[in-house]
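Q: I would like to go through the charged side chains of this protein. Could we look at the model together?
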Amino acid sequence: MPAADLLQGVLDCRRSVAARATGSTYNAYTDRPAMLKLAGDVSGLDVLDLGCGAGHYAAELLRLGAVRVVDVDGSETLLRAVQQRLGDRVAVHHHDLEEPLDFLADQSFDLAVMALVYHHIDAREQLLDELRRVLRPGGSLLVSTTHPTSDWTHFGGSYFADDRVEFPSGDGPTINYWRMTLQTFLGEFLGAGFVLEELVEPRATEEARLTDPRRYDRTHAAPTFLGLRLCRP
């Protein structure tokens, strides 16, 4: 698949996912609560939200006391949704995460968030180098991804496969991403110089039991996502 077509496919699927993120069991009641818990106290922090989608994280981070949130995404449609939701409370940048974050200053953030976006990226080593550059010493990085065993269960074959896979997303575009073992996923962050502080395997919150009991039960029977809190020394 040509690179331009692959990028467009990723953006299309992320638009579709973002459209459902407001109330979906997996986004609103599984991934997001776990990541915000990992964030801890964000009062007074400068936060970078990479692959920000429609701004759900930005809205929560501001509500919890972050003083500055910068949202970055490759979709102009999603960034317009951020601006409609939050106005000038958030700075937005239209940018391809396969490229360096040249528009961001060194050591300008206390916290960076990458929710369900890292596994879409090809230039991951470059992105991690950029994150070390823009985070202040002692700053934190929060990352979530699809759980390696969930991918293995769904796609079959070898657990140790490291290929791109395609996952149908219901009535939306097919989601295309890299599947990685836990060793590969965690090893990339440790190899880039980050220090692991906490690892979680999120399960849906009690709210989801009422709105979507089938998916609630599914997240409590088998892992769906993996979340990390890392420190930039």
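Q: Where do arginine 133 and glutamate 130 lie?
A: In this predicted model, both residues are in helix α5, three residues apart, which is about one turn of the helix.

Q: And what do arginine 133 and glutamate 130 form?
A: They form a salt bridge, in which the closest N and O atoms are 3.1 Å apart.

Q: Is glutamate 130 buried or exposed?
A: Glutamate 130 counts as buried, because its relative accessibility is 11% and the cut-off for buried is under 20%. Arginine 133 is partly exposed, with a relative accessible area of 23%.

Q: How many salt bridges does the structure hold?
A: The structure holds 12 salt bridges. One of them joins the side chains of arginine 136 and aspartate 46, at 3.0 Å from N to O. This pair links distant parts of the chain, 90 residues apart: arginine 136 belongs to strand β5 (residues 135-146) and aspartate 46 to strand β1 (residues 46-50).

Q: Which residues are in a network with those two?
A: Arg68 and Asp110 are linked with Asp46 and Arg136 in a network of salt bridges.

Q: Is aspartate 46 buried or exposed?
A: Aspartate 46 counts as buried, at 14% relative accessibility, whereas arginine 136 is partly exposed at 27%.

Q: Changing topic: which residue does glutamate 188 meet in a salt bridge?
A: Its side chain meets that of arginine 124, with an N to O distance of 2.8 Å. Glutamate 188 lies in helix α7 (residues 182-191) and arginine 124 in helix α5 (residues 124-134), so this pair also links distant parts of the chain, 64 residues apart. Arginine 124 is buried, with a relative accessible area of 13%.

Terms used
Residues are numbered from 1 along each chain as its sequence is written. This is a predicted model: local features need pLDDT of at least 70, side-chain atom pairs count only at pLDDT 80 or more; totals for chains, interfaces and linings use all residues. Side-chain values use heavy atoms; hydrogens and water are left out. A salt bridge is a side-chain nitrogen of Lys or Arg within 4 Å of a carboxyl oxygen of Asp or Glu. Helices (H or I, at least four residues) and strands (E, at least two) are DSSP runs, numbered from the N terminus. Buried means under 20% relative accessible area, exposed over 50%, partly exposed in between (1.4 Å probe, protein chains only).
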